[in-house]
Amino acid sequence: MSKRLWPVVGKSLLGLAAILVLMFGAGIAVGYLSARGVVAADDAMVTVMTIFAVILMIGGMAFSVAWMRAIDEAAREAHKSAWFWGGCSGMAVGGVGIVLASLPQAQALQFVAWDGRTDPAAYMAAGAFAMMLLMTLGYFVVWAWWWLARTRG
Amino acid sequence: MVAGADAGLSMNNRLKVLRAERNWSQADLADALGVSRQTVNALETGRYDPSLPLAFRIAKVFGHPIESIFSED
């Protein structure tokens, strides 16, 4: 790994640790306040989780920007190529699932989607996660192919 | 990848020869160019064509004009 990437990884791990500590603190605060009846536990939890999800994703984007700036142009090209070809291929596979799920025959289909749940939100999360997984899988396959084909030997 | 590669053109370069003349390792050249050793390897083997800014940096490092380092296949 390039020397320029270590500070990016270090700062990102620190940021992640800070988020986890803050999340832990917020969890305790919400538990305390809801036990005293100051706030409704469910509402407070949704609020806290929304805030942390946004912070986490902004942190993830900041990490990606810093990573892309720290690597050289060939490595950047590998990521761009992987995102386009791998991401599109993964999306194409996921697209088959979307078409099948939209058929009337799929209405009766029921399976545990997320943490033992079978409600619409769980299905939505499972669908989004499955698409993300397929795109990420395609991304890594293409990235590895691009990088190994050009840099080995 | 550069547009030329997409248009079916391939590029030759004299990076390996120029580096050898100076007794530089791939890592030395990588440091001078601000890229990774793997990128230098990909450039030398013709598996990756550099961007114009990197081609200018290469030309500057070796003290040669771009057209004397890179040529069309």
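Predicted model: local features only at pLDDT ≥ 70, side-chain atom pairs only at ≥ 80, totals over all residues.
Helices here are DSSP runs of at least four residues in state H or I, and strands are runs of at least two in state E, each numbered from the N terminus.

**Chain B at a glance**

Starting at the N terminus, the elements of chain B follow the order α-β-α-α-α-α-α-β. The chain has 73 residues, of which 23% count as buried. If you take the contacts in chain B between residues at least 6 apart in sequence, 57% of them join residues at least 24 apart.

**Helix α4 of chain B**

The buried ones are B:Q38, B:T39, B:V40, B:N41, B:A42 and B:L43. Their packing partners come from both chains: α3 (73-101) and α4 (120-151) of chain A, along with β1 (11-13), α2 (15-21) and α3 (26-33) of chain B. After the helix comes B:G46, with a positive phi near 75°.

Within chain B, one partner of α4(B) is α3(B), and the two helices pack at about 105° with their axes 8 Å apart. That angle falls in the 65 to 115 degree range, so α3(B) is roughly perpendicular to α4(B). On the α3(B) side the contact uses B:Q26, B:A27, B:L29 and B:A30, while α4(B) brings B:R37, B:T39, B:V40 and B:N41. By type, the residues of this contact are 4 nonpolar, 3 polar and 1 charged. Leaving aside residues up to four places away in sequence, B:V40 touches B:Q26, B:L29, B:A30 and B:V35.

**Where the chains meet**

Which element of chain B gives the largest share of the side that touches chain A? In all, 12 residues of chain B are in contact with 9 residues of chain A. The largest share of that side of chain B, 4 residues, comes from α4(B). The side divides into 5 nonpolar, 6 polar and 1 charged residues.

The largest nonpolar core has 20 residues, and those with the most contacts inside it are A:A74, A:A78, A:A82, B:V40 and B:L43. Two or more residues each come from α3 and α4 of chain A and from α3, α4 and α5 (52-62) of chain B. The biggest contribution, 5 residues, is made by α4(A).

Chain A is assigned domain 1 (1-71) and domain 2 (73-153). Taken over C-alpha atoms, the centres of these domains are 25 Å apart.

Helix α1 (residues 5-35) and helix α2 (residues 41-70) of chain A pack at about 175°, with 11 Å between their axes. The two are therefore roughly antiparallel to each other. Their contact includes A:L5, A:I19 and A:L33 from α1(A), and A:F52, A:F63 and A:W67 from α2(A). The residues of the contact are 18 nonpolar and 4 polar, with no charged ones.

| Helix pair | Angle | Axis distance |
|---|---|---|
| α1(A) and α2(A) | about 175° | 11 Å |
| α3(B) and α4(B) | about 105° | 8 Å |

Definitions and conventions
Residues numbered from 1 in each chain as written. Chains lettered and ligands numbered in written order. Buried ≥ 20, exposed ≤ 12 C-beta atoms within 10 Å, placed from the backbone. Contact = placed C-beta atoms within 7 Å. Domains from an automatic or database assignment. Nonpolar A, V, L, I, M, F, W, Y, C, P; charged D, E, K, R; others polar. Axes fitted to C-alpha atoms, helices over the stretch in contact; angles between N-to-C directions. Parallel < 35°, antiparallel > 145°, perpendicular 65-115°, else oblique. Core = buried A, V, L, I, M, F, W, Y, C linked by C-beta atoms within 7 Å.
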